[in-house]
Amino acid sequence: MKRNTYLVLGLLGFAALLTSCGNGNQGKGSSGALNSSNAEKVYVAPGEHDEFYAFMSGGYSGNLTVYGLPSGRMFKEIPVFSQFPTSGYGYSEETKPMLNTSFGFVPWDDSHHPDISQTNGELDGRWIFINGNNTPRIARIDLQTFETAEIIEVPNSAGNHSSSFITENTEYVVAGTRFSVPVPQADMPIKDYKGNFKGALSFISVDPEDGRMDIKFQILMPGFNYDLSHPGRGKSHGWFFFTTYNTEEANTLLEVNASQNDKDFIAAINWKKIEEYVNNGGGTKMPANYAHNVYSDETHTATSTMVKEVLTVDPTKIPGAVFFLPTPKSPHGCDVDPSGEYIIGNGKLSADLTVHSFDKMIAAIEGKKFDGEAYGIPILKFEDVLAGTVKSGGLGPLHTEFDGEGNAYTTFFISSEVVMWKLGTWEVIDRKPTYYSVGHLMIPGGNSRKPFGKYVVAMNKITKDRYLPTGPELEHSAQLYDISGGKMELIYDFPTHGEPHYAAGIPAELLAPKSKKFYKLADNKHPYATLGAADAKVVREGKDVHIYMSTIRSHFTPDNIEGVKVGDKVYFHITNQEQDFDVPHGFAVIGANTSELLVMPGQTKTIIWEPKQVGVWPFYCTDFCSALHQEMQGYVRVSPASSNIELSWSLGD
Amino acid sequence: MKKASLLMIIGPLFLLGLFAFPLWNIMLGAPQYPEPLGMNIHITGIQGVSEFDLQNIDGLNHYIGMKTIPKPGEMWEFNIFPMVIIGMVGLGVLIGLLGFFGKVGYRWFLGWFLLMSILGILGMYDFNVWLTDYGSNLDPHAIIKVVNEDGTPMTYKPPLFGNQKMLNFDVTSLPSTGGYMMFVGMTLTVVASYLGWKSKKSEEKQGSKEAVAA
């Protein structure tokens, strides 16, 4: 069977060769007969490991998925902003606080732009950050446990889209608002938007030791839409760049009304200057209300704290802190090359890319060559800061990444292609179609000083006929290009989950050795943990019944419980006693109005069960844990509310 | 004889390695254990190769009704063996020193080696008895009862030396660092005995030559 597959793949490869040769002089794109085994390039043999991890945002799934490159195999879906019944995230008592916000419990979000922590501009693989777009939040995911460790809500923000990008020593994770709103929120006519709404750009500090986030300051910018952003690096470290659109400040039919200005802006923010201003007591403390949710690997429990104050900064009060760089045609992506010199504005309504020069920008600022101002913020002259224009021949540029070899790769949504071009000369080197309508693209380390320029992953918005059809709704498609040969070669195509916007890739060797295998039971500080089967018990506190239950292959302790009554609130606190890699136990009980629990070795998780009917009701392990998994079950006897049966519990009696 | 005596002092000291390193090692690998579980047998007790290996081996063994791996206090051997080793090291060094000052001869060296060998064989015999009991004295209520082709219950005695397939596990049992150090130390005492014997012989030759000359 396998041999047949090889044969078919081989024949297909051969056919592809013939086709490309048939294209005559266009065949320059193919890199020769001996180098054309694309199947080999993506083939990761059974038991072998991929070279890279790829973390793809889930978009409207609210989560983050983990893939291997080049195989395109999915390893895990990490629940972040959305409830995830598979593990009980957002359902278990321990994880519900993770999804707490100033709007109450918000069980879903739209996750967009993952970014991996850096040291000296290079990936260090400690954490990955991602933004929730709808109810503005930033999450930090621990890359030892691959679990969400912290979520902080961002006040004064709406449509948290120009996020979550980090500075080159992970000093800050930055979150900008896409929708400007009244700050503070107010009951006012929508048509009074212009001049009254504000766009908050939040700089969230990251503790270098434990990664804890804290909103250091918010810059209250004019009421434009802040679309995307990227940090300066190397010589431009200390600056942050945001694309804007709707500098018209339209509040209705933006499709037309926000596309009138020939140029919008890239906002250049000297955050070091603002940080200094704030450290010297600058800024205004403003009342606020936002949630800060932190998960502990020791208590296996999240806590949610409401924060009541945020420090805001008026950028016009800090001379030299903020400038506008005119950029044509409603720029979307805002990308900075590995050297920190070039700032690329991807003008989504144009054919061309605008590249600004950091050095020229500094010279123009020093020469005070301004072209007016907007709301007190100096506007630099377009010609003074322009490094060059890429005449791409494509349509609808969205995002650019870099390979570290002096090349840039830009996605074109409308013409559905990736264009490879050279930094400095702006000449187009290669172009390859995508299937179809590509949004973001990713090169591992592409948002750092040191990209690993071996592959480009294109994340497409439209799938159509790429895979076997599955009714009207399809997964999105991704394409993998090999860029190691100086050109782009499409080598693979795989479906992705949710709607990946951005992604972040990192060499596997930087993460795999640190990946945690299980939690130590001895370190479990959960208040309802059962650290040994001897400690299993059932405790009644009024109507609340707490069941301290332990699991080990292949039984629950206790597995027979009597004395529970209709109207009780039963807490199943499940502690997995296993201390081995990949031996989770699951827990489910009939009629629970919640999800299952999937409990990792050494962990404790809790669900609430409110029995409504008298009877003897079973519970069981949902994860095929062992040869006797089917025997891993138990019963709870539920008596009428008026019953006086005493609580009792047992195993093996 | 001085060289032989020095070797006789050094050789027994190698046995002290048994206090730092395991005597024996048993590894259990299976399809679902790409990283095998392992036991290190020290003279003071049994330890897991990785932190939770013993717990996991016990967890697996409960299916087939094996007893849990004994803790140091549960086997007299783990109290006696260290004392025997200390005693033998002391005795060996003492013999070496006496040899160095010409008080005893190579026969004492060889005697120490033979005594150590007998004790070693007794130790191995005892270890094998324990392995047999551990592997065949099974709980009659075991969850999984496997019978051999002839209908007798399958036993799970790990091999004393070498490799054996047991159900889904490949079990490998070999001496470990401490054991190898003991073998090296004992070999040194044999060399010491040989050198002692050689120098004695040459002394005798010398003596008889002198006698002839006289």
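In this predicted model, G345(A) has T354(A), a residue of β22(A), as its bridge partner. That bridge belongs to the pairing of strand β21 of chain A, residues 342-347, with β22(A), which runs in the antiparallel sense over four bridges. The two strands, β21(A) and β22(A), form a hairpin, and four residues lie between them. Strand β22 of chain A covers residues 352-357, and five of its six residues are buried, so that the strand is described as mostly covered. β22(A) also pairs with strand β25 of chain A, residues 386-391, again in the antiparallel sense, over five bridges, and here H356(A) finds its bridge partner in L386(A) of β25(A). As a general point, the strands of a sheet are held in pairs by backbone hydrogen bonds and may run parallel or antiparallel.

Another part of chain A holds an open sheet of 10 strands with mixed pairing, in the order β6-β7-β8-β9-β17-β18-β13-β12-β11-β10. The edges of this sheet are taken by β6 (115-119) and β10 of chain A, and because each has a single partner strand, one side of each is left without a neighbour in the sheet. Within the order, strand β7 of chain A (residues 122-132) and strand β8 of chain A (residues 137-142) pair in the antiparallel sense over six bridges, and G132(A) has R137(A) in β8(A) as its bridge partner.

Two residues of chain A can be followed from here. M286(A) is found in strand β17 of chain A, which spans residues 284-296. Why does M286(A) count as buried? The relative accessibility of M286(A) is 11%, and the residue counts as buried because this value is under 20%. When its neighbours within four places in sequence are left aside, M286(A) is in contact with N156(A), V183(A), P184(A), K308(A), E309(A), V310(A) and T312(A). From M286(A) to Y435(A) there are 149 residues in sequence and, C-alpha to C-alpha, 47 Å in space.

S157(A) has its place in a loop, the one between β9 (147-153) and β10 (165-166) of chain A. S157(A) has a relative accessible area of 12%, and because this is under 20% the residue is buried. With its neighbours within four places in sequence left aside, S157(A) is in contact with P136(A), G176(A) and T177(A). With T177(A) there is also a polar contact of 3.4 Å, which joins the side chains of S157(A) and T177(A).

The last topic is the meeting of the two chains, where 10 residues from chain A and nine residues from chain B take part in the contact. Between chain A and chain B about 860 Å² is buried, with carbon and sulfur atoms giving 45% of that area. R553(A), Q579(A) and L628(A) supply 50% of the area that chain A buries against chain B, which is more than any other three residues supply. Two salt bridges are found across the interface of chain A and chain B; one of the residues forming a salt bridge is K520(A), whose partner is E51(B), with the closest N and O atoms 2.8 Å apart. Six residue pairs are in polar contact between chain A and chain B, counting pairs with both residues at pLDDT 80 or more. On the side of chain A that touches chain B, the residues divide into two nonpolar, four polar and four charged.

Technical notes. Residues are numbered from 1 along each chain as its sequence is written. Chains are lettered from A and ligands numbered from 1 in the order in which they are written. This is a predicted model: local features need pLDDT of at least 70, side-chain atom pairs count only at pLDDT 80 or more; totals for chains, interfaces and linings use all residues. Side-chain values use heavy atoms; hydrogens and water are left out. Contact means heavy atoms within 4.5 Å. Buried area is the accessible area (1.4 Å probe) that two parts lose on being put together, summed over both. A salt bridge is a side-chain nitrogen of Lys or Arg within 4 Å of a carboxyl oxygen of Asp or Glu. A polar contact is a pair of N or O atoms within 3.5 Å; within protein, one must be able to donate a hydrogen and the other to accept it, and residues adjacent in sequence count only if both atoms are side-chain atoms. Ala, Val, Leu, Ile, Met, Phe, Trp, Tyr, Cys and Pro count as nonpolar, Asp, Glu, Lys and Arg as charged, and the others, Gly among them, as polar. Buried means under 20% relative accessible area, exposed over 50%, partly exposed in between (1.4 Å probe, protein chains only). Two strands pair if DSSP finds at least two bridges between them.
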